Amino acid sequence: MVKFLDDNPSHLDPEATALTRVLVVEDDERDFVLIESHLIGANITKFEVDWVSSYDRAEKEIKLQRHHAYLIDHRLGARDGLELIDFAHRRGYECPLILMTGQDDVELGLEAIQRGASDYLSKSELSSFSLGRIIHYSIERMKLAERIRRNERLAVVGEATASISHYIKNISQHIISSFKVIEDHFRTVETTGDVDKAWGIFSRAVDDIYKLSKDLLAVSGESSPTLLPHSIREIVEDVHGLCEMRIKSPGTRFEVEPVTDLPYLTCDAPAIKDMLLNLVTNAIDAVQETDSGRVGIGVTQDSDRNIAFKISDNGPGIPTEIQETVFNPFFTTKGYSGSGLGLTVVRKIVSDHGGRILVSSMPGRTIFTVLIPVSARP
Ligand SMILES: Nc1ncnc2c1ncn2[C@@H]1O[C@H](COP(=O)(O)OP(=O)(O)O)[C@@H](O)[C@H]1O
Ligand SMILES: [Mg+2]
(Lines give C-alpha, C1' and ligand atoms only; values in the text may rest on other atoms or scores of the structure.)
(Ligands and ions follow the chains in the order given, each with its own letter.)
Protein backbone atom coordinates (compact mmCIF):
# COMPACT_ATOMS: atom_id res chain seq x y z
CA MET A 1 0.00 0.00 0.00
CA VAL A 2 1.53 3.31 -1.07
CA LYS A 3 0.65 6.59 0.51
CA PHE A 4 1.87 10.02 -0.45
CA LEU A 5 2.29 11.88 2.77
CA ASP A 6 0.41 14.94 3.71
CA ASP A 7 1.58 17.26 6.44
CA ASN A 8 -0.83 16.10 9.14
CA PRO A 9 1.16 14.87 12.09
CA SER A 10 0.05 11.64 13.69
CA HIS A 11 1.69 9.51 16.33
CA LEU A 12 3.22 6.15 15.69
CA ASP A 13 2.15 3.47 18.07
CA PRO A 14 4.11 0.31 17.19
CA GLU A 15 2.09 -1.78 19.67
CA ALA A 16 -1.18 -0.76 18.08
CA THR A 17 -0.25 -1.86 14.55
CA ALA A 18 0.85 -5.21 13.18
CA LEU A 19 2.26 -3.38 10.17
CA THR A 20 5.82 -2.19 9.83
CA ARG A 21 5.70 1.37 8.57
CA VAL A 22 8.62 2.24 6.34
CA LEU A 23 9.47 5.62 4.85
CA VAL A 24 11.34 5.51 1.58
CA VAL A 25 13.38 8.63 0.93
CA GLU A 26 14.07 8.45 -2.80
CA ASP A 27 14.17 11.19 -5.45
CA ASP A 28 13.71 8.84 -8.40
CA GLU A 29 10.10 7.66 -8.66
CA ARG A 30 11.03 4.57 -10.73
CA ASP A 31 13.42 3.42 -8.00
CA PHE A 32 10.74 4.01 -5.40
CA VAL A 33 8.20 1.90 -7.34
CA LEU A 34 10.73 -0.93 -7.53
CA ILE A 35 11.52 -0.74 -3.80
CA GLU A 36 7.86 -0.56 -2.94
CA SER A 37 7.04 -3.68 -4.99
CA HIS A 38 9.86 -5.58 -3.26
CA LEU A 39 8.58 -4.51 0.14
CA ILE A 40 5.03 -5.58 -0.64
CA GLY A 41 6.36 -8.93 -1.85
CA ALA A 42 8.36 -9.54 1.34
CA ASN A 43 6.84 -12.23 3.52
CA ILE A 44 8.96 -11.65 6.66
CA THR A 45 6.45 -9.03 7.84
CA LYS A 46 3.71 -6.80 6.39
CA PHE A 47 4.95 -3.39 5.28
CA GLU A 48 3.11 -0.13 4.88
CA VAL A 49 5.22 2.02 2.60
CA ASP A 50 5.29 5.80 2.51
CA TRP A 51 7.34 7.89 0.14
CA VAL A 52 8.99 11.30 0.18
CA SER A 53 11.17 12.49 -2.66
CA SER A 54 13.07 15.40 -1.10
CA TYR A 55 15.53 15.91 1.71
CA ASP A 56 13.38 18.58 3.38
CA ARG A 57 10.26 16.36 3.46
CA ALA A 58 12.36 13.54 4.88
CA GLU A 59 13.62 15.78 7.71
CA LYS A 60 10.03 16.72 8.54
CA GLU A 61 9.00 13.05 8.61
CA ILE A 62 11.91 12.00 10.81
CA LYS A 63 10.91 14.73 13.28
CA LEU A 64 7.38 13.27 13.39
CA GLN A 65 8.75 9.78 14.18
CA ARG A 66 5.82 7.91 12.69
CA HIS A 67 7.77 5.17 10.94
CA HIS A 68 9.47 2.08 12.26
CA ALA A 69 12.32 2.34 9.73
CA TYR A 70 13.70 4.70 7.05
CA LEU A 71 15.16 3.57 3.71
CA ILE A 72 17.27 6.46 2.51
CA ASP A 73 18.76 6.90 -0.94
CA HIS A 74 22.29 8.27 -1.01
CA ARG A 75 21.58 10.84 -3.73
CA LEU A 76 18.86 13.34 -2.83
CA GLY A 77 19.25 16.21 -5.31
CA ALA A 78 21.65 18.78 -3.91
CA ARG A 79 21.73 17.02 -0.51
CA ASP A 80 22.52 13.42 0.39
CA GLY A 81 21.39 10.58 2.64
CA LEU A 82 24.43 10.86 4.91
CA GLU A 83 23.39 14.41 5.82
CA LEU A 84 19.96 13.07 6.75
CA ILE A 85 21.56 10.43 8.99
CA ASP A 86 23.67 13.18 10.63
CA PHE A 87 20.51 15.23 11.15
CA ALA A 88 18.68 12.34 12.87
CA HIS A 89 21.64 11.68 15.14
CA ARG A 90 22.22 15.31 16.05
CA ARG A 91 18.57 15.51 17.11
CA GLY A 92 18.81 12.24 19.08
CA TYR A 93 16.19 10.32 17.06
CA GLU A 94 16.67 6.61 17.77
CA CYS A 95 15.27 4.86 14.68
CA PRO A 96 16.59 2.42 12.11
CA LEU A 97 18.10 4.40 9.20
CA ILE A 98 19.18 2.27 6.24
CA LEU A 99 21.23 3.88 3.48
CA MET A 100 20.78 2.69 -0.11
CA THR A 101 24.07 3.06 -1.94
CA GLY A 102 24.98 2.84 -5.62
CA GLN A 103 26.65 -0.17 -7.19
CA ASP A 104 28.42 -2.07 -4.38
CA ASP A 105 29.80 1.08 -2.78
CA VAL A 106 31.22 -0.64 0.31
CA GLU A 107 33.23 2.38 1.49
CA LEU A 108 30.20 4.62 1.43
CA GLY A 109 28.22 1.93 3.28
CA LEU A 110 30.86 1.79 6.00
CA GLU A 111 30.90 5.57 6.32
CA ALA A 112 27.12 5.49 6.73
CA ILE A 113 27.45 2.96 9.59
CA GLN A 114 30.15 5.09 11.23
CA ARG A 115 27.86 8.11 11.04
CA GLY A 116 24.99 6.19 12.68
CA ALA A 117 23.11 4.26 9.97
CA SER A 118 21.85 0.92 11.22
CA ASP A 119 22.73 -0.78 7.91
CA TYR A 120 23.33 -0.17 4.22
CA LEU A 121 22.20 -1.89 1.08
CA SER A 122 23.48 -1.67 -2.45
CA LYS A 123 20.69 -0.94 -4.95
CA SER A 124 22.10 -3.78 -7.06
CA GLU A 125 21.09 -6.30 -4.39
CA LEU A 126 17.53 -5.08 -3.87
CA SER A 127 15.09 -7.95 -3.44
CA SER A 128 12.07 -8.73 -1.28
CA PHE A 129 14.24 -10.98 0.83
CA SER A 130 17.17 -8.55 1.33
CA LEU A 131 14.93 -5.57 2.06
CA GLY A 132 12.66 -7.47 4.42
CA ARG A 133 15.61 -8.97 6.26
CA ILE A 134 17.58 -5.72 6.61
CA ILE A 135 14.60 -3.72 7.86
CA HIS A 136 13.50 -6.46 10.23
CA TYR A 137 17.00 -6.95 11.69
CA SER A 138 17.58 -3.20 12.00
CA ILE A 139 14.37 -2.80 14.00
CA GLU A 140 15.26 -5.73 16.26
CA ARG A 141 18.82 -4.42 16.79
CA MET A 142 17.39 -1.01 17.70
CA LYS A 143 15.03 -2.61 20.25
CA LEU A 144 17.91 -4.60 21.72
CA ALA A 145 20.08 -1.46 21.95
CA GLU A 146 17.21 0.33 23.72
CA ARG A 147 16.86 -2.56 26.20
CA ILE A 148 20.62 -2.49 26.87
CA ARG A 149 20.56 1.30 27.39
CA ARG A 150 17.59 0.92 29.74
CA ASN A 151 19.32 -1.80 31.77
CA GLU A 152 22.46 0.34 31.97
CA ARG A 153 20.41 3.26 33.26
CA LEU A 154 18.73 1.00 35.84
CA ALA A 155 22.11 -0.39 36.90
CA VAL A 156 23.40 3.16 37.47
CA VAL A 157 20.29 4.05 39.52
CA GLY A 158 20.69 0.77 41.48
CA GLU A 159 24.35 1.48 42.26
CA ALA A 160 23.59 5.06 43.33
CA THR A 161 20.72 3.86 45.55
CA ALA A 162 22.92 1.18 47.11
CA SER A 163 25.74 3.58 47.99
CA ILE A 164 23.39 6.30 49.30
CA SER A 165 21.53 3.68 51.39
CA HIS A 166 24.85 2.47 52.75
CA TYR A 167 25.71 6.00 53.98
CA ILE A 168 22.26 6.55 55.46
CA LYS A 169 22.39 3.17 57.19
CA ASN A 170 25.78 4.01 58.75
CA ILE A 171 24.62 7.45 59.84
CA SER A 172 21.42 6.07 61.38
CA GLN A 173 23.45 3.41 63.22
CA HIS A 174 25.48 6.25 64.82
CA ILE A 175 22.27 8.09 65.70
CA ILE A 176 20.77 4.93 67.25
CA SER A 177 23.79 4.19 69.43
CA SER A 178 24.10 7.84 70.63
CA PHE A 179 20.36 7.85 71.14
CA LYS A 180 20.61 4.89 73.54
CA VAL A 181 23.16 6.79 75.68
CA ILE A 182 20.98 9.92 75.77
CA GLU A 183 17.91 7.80 76.53
CA ASP A 184 19.68 6.23 79.55
CA HIS A 185 20.52 9.72 80.78
CA PHE A 186 16.93 10.92 80.37
CA ARG A 187 15.66 8.03 82.48
CA THR A 188 17.30 9.75 85.47
CA VAL A 189 15.67 13.11 84.68
CA GLU A 190 12.04 14.02 85.15
CA THR A 191 10.44 14.80 81.76
CA THR A 192 7.07 16.21 80.76
CA GLY A 193 4.44 14.31 78.73
CA ASP A 194 5.30 16.34 75.62
CA VAL A 195 8.97 15.45 75.81
CA ASP A 196 8.12 11.76 76.31
CA LYS A 197 5.83 11.87 73.29
CA ALA A 198 8.41 13.62 71.10
CA TRP A 199 11.02 11.15 72.33
CA GLY A 200 8.86 8.22 71.21
CA ILE A 201 8.26 9.77 67.77
CA PHE A 202 11.96 10.52 67.36
CA SER A 203 12.90 6.99 68.34
CA ARG A 204 10.46 5.40 65.86
CA ALA A 205 11.54 7.78 63.07
CA VAL A 206 15.19 6.82 63.53
CA ASP A 207 14.26 3.12 63.50
CA ASP A 208 12.24 3.69 60.31
CA ILE A 209 15.15 5.43 58.57
CA TYR A 210 17.47 2.60 59.55
CA LYS A 211 15.02 -0.05 58.30
CA LEU A 212 14.36 1.84 55.06
CA SER A 213 18.07 2.21 54.29
CA LYS A 214 18.64 -1.48 55.13
CA ASP A 215 15.76 -2.57 52.83
CA LEU A 216 16.92 -0.28 50.00
CA LEU A 217 20.41 -1.70 50.34
CA ALA A 218 19.04 -5.23 50.30
CA VAL A 219 17.04 -4.71 47.10
CA SER A 220 19.52 -2.52 45.20
CA GLY A 221 22.91 -3.91 46.22
CA GLU A 222 24.69 -7.11 45.44
CA SER A 223 24.00 -9.64 48.16
CA SER A 224 26.27 -12.46 49.18
CA PRO A 225 24.51 -14.45 51.90
CA THR A 226 26.72 -16.16 54.47
CA LEU A 227 25.34 -19.70 54.57
CA LEU A 228 25.94 -21.62 57.80
CA PRO A 229 23.97 -24.33 59.64
CA HIS A 230 21.51 -22.76 62.10
CA SER A 231 18.90 -24.04 64.51
CA ILE A 232 15.45 -23.27 63.10
CA ARG A 233 13.98 -23.26 66.60
CA GLU A 234 16.34 -20.45 67.68
CA ILE A 235 15.53 -18.41 64.58
CA VAL A 236 11.79 -18.73 65.21
CA GLU A 237 12.15 -17.94 68.94
CA ASP A 238 14.09 -14.74 68.13
CA VAL A 239 11.46 -13.66 65.64
CA HIS A 240 8.72 -14.48 68.16
CA GLY A 241 10.38 -12.28 70.82
CA LEU A 242 10.79 -9.34 68.45
CA CYS A 243 7.27 -9.58 67.03
CA GLU A 244 5.45 -9.84 70.36
CA MET A 245 6.58 -6.26 71.01
CA ARG A 246 5.06 -5.06 67.74
CA ILE A 247 1.53 -6.19 68.56
CA LYS A 248 -0.45 -3.14 69.63
CA SER A 249 -4.09 -4.28 69.70
CA PRO A 250 -4.99 -6.21 72.89
CA GLY A 251 -7.25 -8.65 70.97
CA THR A 252 -4.41 -9.94 68.76
CA ARG A 253 -2.74 -13.27 69.56
CA PHE A 254 0.53 -14.45 68.08
CA GLU A 255 0.65 -18.23 67.92
CA VAL A 256 3.91 -20.03 67.28
CA GLU A 257 3.66 -23.76 66.63
CA PRO A 258 6.36 -25.70 68.53
CA VAL A 259 9.35 -26.42 66.32
CA THR A 260 10.35 -30.06 66.76
CA ASP A 261 12.50 -32.64 64.96
CA LEU A 262 13.81 -30.32 62.31
CA PRO A 263 17.34 -30.48 60.91
CA TYR A 264 19.70 -27.52 61.03
CA LEU A 265 19.05 -25.17 58.13
CA THR A 266 22.01 -24.00 56.07
CA CYS A 267 21.14 -20.33 55.71
CA ASP A 268 22.02 -16.72 56.40
CA ALA A 269 20.26 -16.54 59.78
CA PRO A 270 19.98 -12.71 60.04
CA ALA A 271 18.46 -12.66 56.54
CA ILE A 272 15.98 -15.46 57.33
CA LYS A 273 14.96 -13.63 60.53
CA ASP A 274 14.51 -10.43 58.52
CA MET A 275 12.35 -12.32 56.05
CA LEU A 276 10.14 -13.74 58.81
CA LEU A 277 9.97 -10.35 60.57
CA ASN A 278 8.72 -8.72 57.36
CA LEU A 279 6.06 -11.40 56.83
CA VAL A 280 4.91 -11.39 60.46
CA THR A 281 4.86 -7.57 60.57
CA ASN A 282 2.60 -7.57 57.50
CA ALA A 283 0.35 -10.16 59.16
CA ILE A 284 0.16 -8.05 62.34
CA ASP A 285 -0.68 -4.96 60.24
CA ALA A 286 -3.37 -6.97 58.42
CA VAL A 287 -5.23 -7.95 61.63
CA GLN A 288 -5.06 -4.48 63.18
CA GLU A 289 -8.72 -3.75 62.46
CA THR A 290 -9.84 -7.25 63.56
CA ASP A 291 -11.27 -7.72 67.09
CA SER A 292 -9.67 -11.10 67.60
CA GLY A 293 -6.64 -11.07 65.31
CA ARG A 294 -4.66 -14.28 64.92
CA VAL A 295 -1.14 -14.37 63.53
CA GLY A 296 0.73 -17.65 63.32
CA ILE A 297 4.09 -19.12 62.38
CA GLY A 298 4.56 -22.82 61.71
CA VAL A 299 7.62 -24.64 60.38
CA THR A 300 7.65 -28.12 58.83
CA GLN A 301 9.78 -30.14 56.48
CA ASP A 302 8.35 -31.43 53.20
CA SER A 303 9.22 -34.60 51.30
CA ASP A 304 11.66 -32.72 49.00
CA ARG A 305 13.87 -31.73 51.96
CA ASN A 306 12.57 -28.16 51.95
CA ILE A 307 11.89 -26.31 55.17
CA ALA A 308 8.45 -24.74 54.87
CA PHE A 309 7.82 -21.58 56.91
CA LYS A 310 4.10 -20.74 57.03
CA ILE A 311 3.02 -17.30 58.18
CA SER A 312 -0.73 -16.94 58.52
CA ASP A 313 -3.26 -14.35 59.59
CA ASN A 314 -7.02 -13.91 59.71
CA GLY A 315 -7.00 -10.38 58.25
CA PRO A 316 -8.96 -9.13 55.22
CA GLY A 317 -6.76 -10.96 52.69
CA ILE A 318 -5.03 -9.78 49.52
CA PRO A 319 -7.30 -9.32 46.47
CA THR A 320 -6.40 -11.87 43.77
CA GLU A 321 -5.59 -9.17 41.21
CA ILE A 322 -2.75 -7.74 43.35
CA GLN A 323 -1.29 -10.99 44.71
CA GLU A 324 1.63 -10.72 42.23
CA THR A 325 1.98 -6.94 42.48
CA VAL A 326 2.53 -6.95 46.26
CA PHE A 327 6.12 -8.14 45.62
CA ASN A 328 6.97 -5.12 43.42
CA PRO A 329 9.28 -2.52 44.93
CA PHE A 330 7.42 0.41 46.51
CA PHE A 331 3.97 -1.20 46.17
CA THR A 332 2.05 -0.48 49.36
CA THR A 333 -1.55 -0.01 50.41
CA LYS A 334 -0.49 1.57 53.72
CA GLY A 335 0.04 5.14 52.49
CA TYR A 336 2.90 6.97 54.16
CA SER A 337 3.30 4.34 56.86
CA GLY A 338 4.41 1.67 54.36
CA SER A 339 7.57 1.62 52.25
CA GLY A 340 6.42 -1.16 49.93
CA LEU A 341 9.84 -2.79 50.25
CA GLY A 342 9.08 -5.55 52.77
CA LEU A 343 7.94 -8.23 50.33
CA THR A 344 10.58 -7.19 47.77
CA VAL A 345 13.21 -7.86 50.42
CA VAL A 346 11.49 -11.14 51.32
CA ARG A 347 11.55 -12.29 47.69
CA LYS A 348 15.24 -11.35 47.37
CA ILE A 349 16.17 -13.30 50.52
CA VAL A 350 14.16 -16.32 49.36
CA SER A 351 15.87 -16.28 45.96
CA ASP A 352 19.33 -15.82 47.59
CA HIS A 353 18.61 -19.13 49.35
CA GLY A 354 17.39 -20.89 46.21
CA GLY A 355 13.86 -21.07 47.67
CA ARG A 356 10.30 -20.24 46.63
CA ILE A 357 7.45 -18.20 48.08
CA LEU A 358 3.75 -18.95 47.65
CA VAL A 359 0.73 -16.86 48.63
CA SER A 360 -2.73 -18.13 49.31
CA SER A 361 -5.23 -15.52 50.36
CA MET A 362 -8.93 -14.96 50.82
CA PRO A 363 -10.87 -12.78 53.24
CA GLY A 364 -10.16 -14.06 56.76
CA ARG A 365 -7.23 -16.31 55.79
CA THR A 366 -3.86 -15.38 54.29
CA ILE A 367 -0.89 -17.74 54.25
CA PHE A 368 2.59 -16.94 52.96
CA THR A 369 4.60 -20.17 52.55
CA VAL A 370 8.36 -19.91 52.11
CA LEU A 371 10.18 -23.06 50.99
CA ILE A 372 13.93 -23.10 51.62
CA PRO A 373 16.06 -26.14 50.72
CA VAL A 374 17.62 -27.62 53.89
CA SER A 375 21.06 -27.14 52.33
CA ALA A 376 20.36 -23.81 50.74
CA ARG A 377 22.21 -23.03 47.51
CA PRO A 378 21.81 -19.53 46.03
N1 LIG B 1 -0.75 -10.61 55.29
C2 LIG B 1 -1.21 -9.65 54.47
N3 LIG B 1 -2.54 -9.39 54.39
C4 LIG B 1 -3.02 -8.44 53.57
N5 LIG B 1 -2.23 -7.68 52.74
C6 LIG B 1 -0.92 -7.92 52.77
C7 LIG B 1 -0.33 -8.89 53.62
N8 LIG B 1 1.00 -8.89 53.39
C9 LIG B 1 1.24 -7.94 52.47
N10 LIG B 1 0.10 -7.35 52.09
C11 LIG B 1 -0.05 -6.29 51.07
O12 LIG B 1 1.18 -6.16 50.38
C13 LIG B 1 1.61 -4.80 50.38
C14 LIG B 1 3.12 -4.74 50.30
O15 LIG B 1 3.70 -5.27 51.47
P16 LIG B 1 5.21 -4.86 51.81
O17 LIG B 1 6.05 -5.05 50.60
O18 LIG B 1 5.61 -5.54 53.04
O19 LIG B 1 5.12 -3.28 52.01
P20 LIG B 1 4.44 -2.45 53.20
O21 LIG B 1 4.21 -3.38 54.36
O22 LIG B 1 5.43 -1.36 53.51
O23 LIG B 1 3.15 -1.92 52.62
C24 LIG B 1 1.01 -4.23 51.63
O25 LIG B 1 0.90 -2.82 51.58
C26 LIG B 1 -0.35 -4.94 51.68
O27 LIG B 1 -1.26 -4.30 50.81
MG1 LIG C 1 5.61 -4.76 55.04
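Guide: Helices and strands are DSSP runs numbered from the N terminus, a helix being a run of H or I with at least four residues and a strand a run of E with at least two. This is a predicted model, in which local features need pLDDT of at least 70 and side-chain atom pairs count only at pLDDT 80 or more, while totals for chains, interfaces and linings use all residues. Residues are numbered from 1 along each chain as its sequence is written, and chains are lettered from A and ligands numbered from 1 in the order in which they are written.

The greatest contribution is that of helix 8, which gives four residues. The ligand is surrounded by 20 residues, the closest being Asn282, Thr332, Gly338, Gly342 and Leu343; a residue is near the ligand if its C-beta atom, placed from the backbone, lies within 6 Å of it. By residue type, the shell holds seven nonpolar, 11 polar and two charged residues. Here Ala, Val, Leu, Ile, Met, Phe, Trp, Tyr, Cys and Pro count as nonpolar, Asp, Glu, Lys and Arg as charged, and the others, Gly among them, as polar.

The loop between strand 13 (306-313) and helix 9 (342-352) contains Phe330. Phe330 is not a glycine, yet its phi is positive, about 70°. Most residues other than glycine have a negative phi. Phe330 is exposed because it has 10 other C-beta atoms within 10 Å; a residue is exposed with 12 or fewer, buried with 20 or more, and partly exposed in between, the C-beta atoms being placed from the backbone. Tyr336 belongs to the loop between strand 13 and helix 9, and Tyr336 is exposed because 6 other C-beta atoms lie within 10 Å. Between Tyr336 and Ala271 there are 65 residues of separation in sequence and 25 Å in space, C-alpha to C-alpha.

Strand 12 (residues 294-301) and strand 13 run antiparallel and are joined by seven bridges; two strands pair if DSSP finds at least two bridges between them. In this pairing Gly298 has Lys310 of strand 13 as its bridge partner. The hairpin of these two strands has four residues between the strands, and there Arg305 takes a positive phi near 60°. Strand 12 also pairs with strand 10, in the parallel sense and over four bridges, with Val256 opposite Ile297.

Asp261 is found between strand 10 (253-256) and strand 11 (265-267), and its phi, near 50°, is positive in a residue other than glycine. With 6 other C-beta atoms within 10 Å, Asp261 is exposed. Arg246 has its place in the loop between helix 7 (232-244) and strand 10. Arg246 has 14 other C-beta atoms within 10 Å and is therefore partly exposed.

Leu121 lies in strand 8, where it stands opposite Met100. Strand 7 and strand 8 (residues 119-122) run parallel and are joined by four bridges. All five residues of strand 7 (residues 97-101) are buried: Leu97, Leu99 and Thr101 point one way, Ile98 and Met100 the other.

Finally, the whole may be considered. An automatic or database assignment divides the protein into domain 1 (2-148), domain 2 (152-220) and domain 3 (228-373). The C-alpha centres of domain 1 and domain 3 lie 55 Å apart. The protein contains nine helices and 15 strands, and its C-alpha trace spans about 90 × 55 × 40 Å along the principal axes. Of its 378 residues, 27% count as buried.
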